[in-house]
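Colleague: I have the model open and a few things to ask. Can we go through them?

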Amino acid sequence: MEAKERIARRVAREIKPGSLVNLGIGLPSMVANFVPADRGVFFQAENGVIGLGARPPEGMEDPHLTDAGGGFVTAVPGAASIDSAMSFGLIRGGHLDMTVLGGPQVDERGHLANWKVPGKMVPGMGGAMDLVTGAKRVVVAMQHAAKGSSKIVRECTLPLTAQRRIDLVVTDLAVIEPTDEGLVLRERAPGVTIDDVMAATEARLLVRGAVPEMPLD
């Protein structure tokens, strides 16, 4: 199983039936592929869609149906198109049960930095700041390291997305929960040891008892 699929599958297990969930662009958008249709979950995108489905088969793309990053998606029965004011009203009004976002960095305090990428021009913050502030639960889905450097750091060196502490981090190596005491290692990927996770992590991790393997089915 590829690393990104492992992350998406594990995040999908965090989504409760009947939830309204926002998926960020890139890796987080893969989560929709692993949430059963009978769970009654509605995915929302900032560009004004409620009821996003999985990516369509090649050749079946609809240019008028995309997520916030411009990626092609499908729509589930009961999906709705709304304007930006309504879309951000849902986010800022606290109506989203959960958001799943990517990010270059998460630090020991559970702060996320994900709106600015070093060396790249970005058009703006997008909805990241609103999502981290407004969603009831914030889950970060990302690779544990990039270019040999850990993305779970002692302190973010990139601009923070918000002052709020996120709720969970799911990487290809581990599931980590930010708490008042620090980052707690909750699960490790199949075939990965606690020492492997520690070696790949710049931040300090708290280990409390046995750390089970993350479930992926």
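Colleague: Leu 52 first: buried or exposed?

Modeller: Leu 52 is buried, at a relative accessible area of 8%; buried means under 20% relative accessible area, exposed over 50%, partly exposed in between (1.4 Å probe, protein chains only). Note that this is a predicted model, where local features need pLDDT of at least 70, side-chain atom pairs count only at pLDDT 80 or more, and totals for chains, interfaces and linings use all residues. Residues are numbered from 1 along each chain as its sequence is written, and side-chain values use heavy atoms, with hydrogens and water left out.

Colleague: Which strand is Leu 52 in?

Modeller: Leu 52 belongs to strand E3, residues 49–52. Helices (H or I, at least four residues) and strands (E, at least two) are DSSP runs, numbered from the N terminus.

Colleague: And what does Leu 52 touch?

Modeller: Leaving out residues up to four places away in sequence, Leu 52 touches Phe 43, Gln 44, Ala 45, Asp 67, Val 73, Thr 74 and Val 76. Contact means heavy atoms within 4.5 Å.

Colleague: Which residues touch the most other members of the largest nonpolar core?

Modeller: Val 11, Ile 15, Val 21, Val 31, Phe 43, Val 100 and Ile 176, out of 57 residues in that core. A nonpolar core is a set of buried Ala, Val, Leu, Ile, Met, Phe, Trp, Tyr and Cys residues joined through side-chain atoms within 4.5 Å.

Colleague: Switching to helices. Which residues of H2 are buried?

Modeller: In H2 (residues 84–92), Ser 87, Phe 88, Leu 90 and Ile 91 are buried. Down the axis of H2 they fall within an arc of 150°, so they line one face of the helix; the arc is that of the directions from the helix axis to the C-beta atoms.

Colleague: What covers the buried residues of H2?

Modeller: The cover includes strand E2 (42–45), E3 and helix H3 (128–134). On the face turned away from the buried side, H2 carries the exposed residues Ala 85 and Arg 92.

Colleague: Last one, the open sheet of three strands. What is the order?

Modeller: The order is E7-E6-E11, with mixed pairing. E7 (112–113) and E11 (152–153) stand at the edges with a single partner strand each, so one side of each is left without a neighbour in the sheet. Two strands pair if DSSP finds at least two bridges between them.

Colleague: How do E6 and E11 pair, parallel or antiparallel?

Modeller: Parallel, over two bridges, with E6 covering residues 105–107. Asp 107 has Val 153 in E11 as its bridge partner.
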